[in-house]
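Please write a short report on the structure shown here.

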Amino acid sequence: GPPLHHMLKDVSWLLGKWRSENGEGQYPTLKPFKYGEEVEFLHVGQPNLQFSCYSWGLDTKKPLHRELGFLRVKPESNKLALIIAQNLGVCELEEGEVNGQQITTESHTLGRLTFGKDPATKKIKRIFQMKEDRLEQIVFMETVDTPMCEHLRIRYEKVN
Ligand code: HEM
């Protein structure tokens, strides 16, 4: 394929396909649950990464939450943005920064369907980081009913 755009060199450690069956879901309102997820980051030579996050239930093997999005880097900075569409109808813009092999972001805009399921999500925060040769994602969220708390934690292995 085309060479990686130079603006993406600080996030090139995300590239490729990642998979895990050790996801741990939780929230004050939920019974803790386990999940599997496959994540892929790819590029087409443009100054953005395209990504997908597909999760499934470990007991049923049925698809659960799904996300498609892009990662954009702010030129000549360590700032970046995530642009994400979720299958349940949430659309989000998150911004943050990359420091070494860690990305932290926080939503500043969340779109919601007029017929979206309650409770509405108010804010989302994410951490992507490399821990040894494994990519970890941790997601926190705030809803209209519950303050900012951890919802998801998963450590993927590289598939290819
Ligand atoms: C429940 C949001 C990703 C699995 C929920 C709830 C919200 C939510 C608002 C309801 C909480 C409550 O009732 O207080 C989100 C957001 C996500 C996300 C914003 C992404 C940023 C995921 C992923 C999984 C997942 C990747 C993977 C399996 C669940 C499950 C429940 C739940 C099993 C409980 C059952 C249900 O309501 O469907 N989520 N979620 N979520 N979430 Fe997530």
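Phe70, Ile83 and Leu93 make a nonpolar surface patch of about 220 Å². Patches consist of residues with over 30% relative accessible area and no salt bridge, where like charges are joined within 9 Å and nonpolar side chains (Val, Leu, Ile, Met, Phe, Trp, Tyr) within 5 Å. Accessible areas come from the Shrake-Rupley method with a 1.4 Å probe, and for residues only the protein chains shown count as cover.

The model is predicted: local features need pLDDT of at least 70, side-chain atom pairs count only at pLDDT 80 or more, and totals for chains, interfaces and linings use all residues. Residues are numbered from 1 along each chain as its sequence is written, and side-chain values use heavy atoms, with hydrogens and water left out.

Phenylalanine 70 is in strand S4, residues 63–73, and leucine 93 is in strand S6, residues 91–99. Phenylalanine 70 has a relative accessible area of 38%, so it is partly exposed; leucine 93, at 35%, is also partly exposed. The scale is this: buried means under 20% relative accessible area, exposed means over 50%, and partly exposed lies in between (1.4 Å probe, protein chains only). Beyond its neighbours within four places in sequence, phenylalanine 70 is in contact (heavy atoms within 4.5 Å) with residues including Leu49, Phe51 and Ile83.

The largest nonpolar core has 24 residues, and Val11, Leu14, Phe41, Leu49, Leu71, Ile103 and Leu135 have the most contacts inside it. Strands S2 (30–42), S3 (48–57), S4, S5 (79–86), S8 (121–131) and S10 each supply at least two residues of this core. A nonpolar core is a set of buried Ala, Val, Leu, Ile, Met, Phe, Trp, Tyr and Cys residues joined through side-chain atoms within 4.5 Å. Valine 11 touches Leu49, Leu71, Val73, Leu80, Val98 and Ile103, leaving out residues up to four places away in sequence.

A search of the whole structure finds 14 salt bridges. In a salt bridge, a side-chain nitrogen of Lys or Arg is within 4 Å of a carboxyl oxygen of Asp or Glu. Three of these pairs are listed below.

| Glutamate 24 | Lysine 34 | 3.7 Å |

The iron atom of the ligand has a single donor from the protein, His151 (NE2), 2.2 Å away. Donors are N, O and S atoms within 2.8 Å of the metal (3.2 Å for Na, K and Ca); water is not among the atoms, so sites may look incomplete. Histidine 151 is found in strand S10, residues 149–158.

Technical notes: Helices (H or I, at least four residues) and strands (E, at least two) are DSSP runs, numbered from the N terminus.
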